[in-house]
Amino acid sequence: MGIYIVQTVIARNFKSLSHTLKNIDLKKNKIGLVPTMGCLHDGHLELIKKSKKLNYFTIVTIFINPLQFNNKADLKSYPSKEKTDIILLKKNKVNLIFIPNIAEVYPKNYSTYLYESSFSKILCGKHRKNHFSGVTTIVLKLFLLIKPNFVFFGEKDFQQLVIISKIVKDLNLDLKIIKVPTVRDEYGLALSSRNNLLSKKNLLLARKLYQSLKKVEEYKTKDVKHIINKLKTSLKKLGITNIEYLEIRESINLKTPRYIDEKKETRVFVAVNINKVRLIDNYVIKKISPRKV
Ligand code: AMP
């Protein structure tokens, strides 16, 4: 019995990417793509494992995309650990790692951008100018370069997932988006590369964010304004005072209802800054039992 060894190829430019892609037998292999900005954790791994489990030729991209940062300091401080990322990806038998360089992705005088004009205006889009244009531009570039059959995105960035699904639909792209539930630490904190930037004390504070979100059903009200006010007060009491946004929206269309309709999946969306570290999360509201009289 022969041993099947998966050798991980690393491509650092378009030419070597295209060379590797040409050698894939597309009749026998579906391509699964996992776009990332690196500094990988178990959340990213969940996406990768899903692609591997489905037996796809799995491509992971690592690219800190400057276009999606509206703040230079934020871009500069974004964590990176390429060497350990590569070791982890090899261990997980990823077929191809694509680590392009900025000069090739955005050559001098680059001037073409993609812009989704509806869902991009709210939540993170409202607070981070051009963020989603940056995201959709790089994602479309990756789609065009790699031509994946399946692309994996995490629900942690739920708005991103909605916007990318929309561009796939609007532009009739021949690929399927696969969404993966948020991976959390044992205290419920959504794993994020940015968690690496938190001090020990602030990590404890960040963990309280999800703990608070989980309590919204206990308010026993379906009045959205009421829930938001209570949640804001509770976060502030805990010491999470720099709240960028805290909103309740339906998953399907990101519209804000006045009252929670339990027939529709509804989420709390939150972005907070904990000592300049920006964290986002979202929480699906479960059944709210009526107030006892
Ligand atoms: P990033 O490197 O932060 O751009 O994330 C790359 C991909 O991993 C995106 O699709 C994210 O939604 C996904 N991702 C990041 N964190 C998590 C998590 N904790 N659980 C599931 N997916 C995640």
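Because the model is predicted, local features need pLDDT of at least 70 and side-chain atom pairs count only at pLDDT 80 or more, while totals for chains, interfaces and linings use all residues. Residues are numbered from 1 along each chain as its sequence is written, and side-chain values use heavy atoms, with hydrogens and water left out.

Helices (H or I, at least four residues) and strands (E, at least two) are DSSP runs, numbered from the N terminus. Helix H7 covers residues 131-146 and helix H8 residues 158-170; their axes come within 11 Å and cross at roughly 50 degrees. Axes here are lines fitted to C-alpha atoms, for helices over the stretch in contact, and angles run from 0 to 180 degrees between N-to-C directions. The angle makes H7 oblique to H8. Angles under 35 degrees count as roughly parallel, over 145 as roughly antiparallel, 65 to 115 as roughly perpendicular and the rest as oblique. The crossing of H7 and H8 is right-handed; this term applies if the near helix is turned clockwise from the far one by less than a right angle, and left-handed applies if anticlockwise.

Which residues of H7 and H8 meet? From H7 come Phe132, Val135, Thr136, Val139 and Phe143, and from H8 Gln159, Gln160, Ile163, Ile164, Ile167 and Val168. Contact means heavy atoms within 4.5 Å. Sorted by class, the contact of H7 with H8 has eight nonpolar, three polar and no charged residues. In this sorting, Ala, Val, Leu, Ile, Met, Phe, Trp, Tyr, Cys and Pro count as nonpolar, Asp, Glu, Lys and Arg as charged, and the others, Gly among them, as polar. An α-helix has 3.6 residues a turn, so residues three or four places apart point the same way.

At 18% relative accessibility, Leu114 counts as buried; buried means under 20% relative accessible area, exposed over 50%, and partly exposed in between (1.4 Å probe, protein chains only). Leaving aside neighbours within four places in sequence, Leu114 is in contact with Ser133, Thr136, Thr137, Leu140, Ile167 and Leu171. The C-alpha atoms of Leu114 and Thr136 are separated by 6.0 Å, and the two residues are 22 residues apart along the chain.

Buried residues of helix H9 (residues 200-213) are Asn202, Leu205, Ala206, Arg207, Leu209, Tyr210, Ser212 and Leu213. They pack against helix H10 (224-238), strand E8 and strand E9 (277-284). The axes of H9 and H10 are 10 Å apart, and the angle between them is about 155 degrees. The two helices are therefore roughly antiparallel to each other, and H9 passes H10 in a right-handed crossing. Leu205, Lys208, Leu209, Ser212 and Leu213 of H9 make the contact with Leu231, Ser234, Leu235 and Leu238 of H10. By class, this contact has six nonpolar, two polar and one charged residues.

The structure also holds nine aromatic pairs. Rings of Phe, Tyr and Trp (its six-membered ring) pair if their centres lie within 6.5 Å; planes under 30 degrees apart count as stacked, over 60 as edge-to-face and the rest as tilted. The rings of Tyr56 and Phe152 have their centres 6.3 Å apart and their planes at 45 degrees, so this pair is tilted. Tyr56 lies in the loop between helix H2 (42-53) and strand E3 (57-62) and Phe152 in strand E5 (residues 150-154), so the pair ties together parts that are 96 residues apart in sequence. Tyr56 is buried, with a relative accessible area of 13%, and Phe152 is buried at 0%. Phe158 and Phe269 form another tilted pair, 6.0 Å centre to centre and with 50 degrees between the planes. Phe158 lies in H8 and Phe269 in strand E8 (residues 266-274), so this pair ties together parts that are 111 residues apart in sequence.

Two loop residues remain. Most residues other than glycine have a negative phi. Lys93, in the loop between helix H4 (82-91) and strand E4 (96-98), has a positive phi of about 60 degrees. Asn172, in the loop between H8 and strand E6 (176-180), has a positive phi near 50 degrees. Lys93 counts as partly exposed at 43% relative accessibility, and Asn172 as exposed at 65%.
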